Amino acid sequence: MQVSDGFLSLDKILKRRLDLLPECRLRIAKQIITSVRFLHSVNIVHNDIKPSNILVNPETCDVQIIDFGSAHIKTDDKFYTFQATPAYLSPELLQIERPDGYKFKELKKNDLWAAYLVAEQVLENNIQPKNLRNIPLQGKNAQAIPHVLRQFYRRNAQQLSRWLDALQRTIQK
């Protein structure tokens, strides 16, 4: 998807392996996470953070989050539906199934988890998030994604925790 003003979807940038400078990659990663944090500060959850919902200007490294079709605005403590892309689900949402919906704070955590996964993709120039590399996403494999993610998170929880902490320290500077 190409958009006016020089913006491209992050998905396209990653697939084309565009050669972005490390400073630009860090700026993009920071903007993704701070944008999600801003949405949360005004009681909005995006509900589907992923590279195809993020536009980037490769020349200025500016970021825009798009596609708020699944977003929610917090109005009270009711339960909310959620329609995130399986590859970007947080471990918490993978471990619980709630037919009546999810609490707003759970959806906020999922947004942040997805933002961190996308930030990692940007920093490492990877097409898929780390949790799904080398897994063909068709047929039975697509149905097995939640199981694969659970296994990944169990095996790599400490590594992911260290990476997220380091990224957060970088962003706070």
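Start by selecting Asn-57 and Asp-62: Asn-57 stands opposite Asp-62 in β4. This is a predicted model, where local features need pLDDT of at least 70 and side-chain atom pairs count only at pLDDT 80 or more, while totals for chains, interfaces and linings use all residues. Residues are numbered from 1 along each chain as its sequence is written, and side-chain values use heavy atoms, with hydrogens and water left out.

Next, colour residues 54–57, which make up strand β3. Strand β3 runs antiparallel to β4, and 4 bridges join them. (Strands are DSSP runs of E, at least two residues, and helices are runs of H or I, at least four residues, numbered from the N terminus; two strands pair if DSSP finds at least two bridges between them.) Click Leu-55 too: its bridge partner in β4 is Gln-64. Between β3 and β4 sit 4 residues, giving a hairpin, and Cys-61 in the turn has a positive phi of about 65 degrees.

Now bring in β1 for the whole open sheet: 3 strands in the order β1-β3-β4, with antiparallel pairing. The edge strands, pairing on one side only, are β1 (8–9) and β4 (62–65). Select residues 22–41 as well: this is helix α2, which packs on the sheet and touches β3 and β4. (Contact means heavy atoms within 4.5 Å.)

Show the side chains of β4.

Asp-62 lies in strand β4 and Arg-27 in helix α2, so the pair ties together parts that are 35 residues apart in sequence. (A salt bridge is a side-chain nitrogen of Lys or Arg within 4 Å of a carboxyl oxygen of Asp or Glu.) Asp-62 is partly exposed at 28% relative accessible area, and Arg-27 is partly exposed at 37%.

How many salt bridges does a search of the whole structure find? It finds 3. For another one, pick Asp-11 and Lys-15, whose closest N and O atoms are 3.2 Å apart. Both lie in helix α1 (residues 10–16), 4 residues apart, about one turn of the helix.

Last stop: Lys-50 and Asp-48, a salt bridge with closest N and O atoms 3.4 Å apart. Here Lys-50 and Asp-48 are both buried.

Conventions:
Axes fitted to C-alpha atoms, helices over the stretch in contact; angles between N-to-C directions. Buried < 20%, exposed > 50% of the residue type's maximum accessible area, 1.4 Å probe, protein only.
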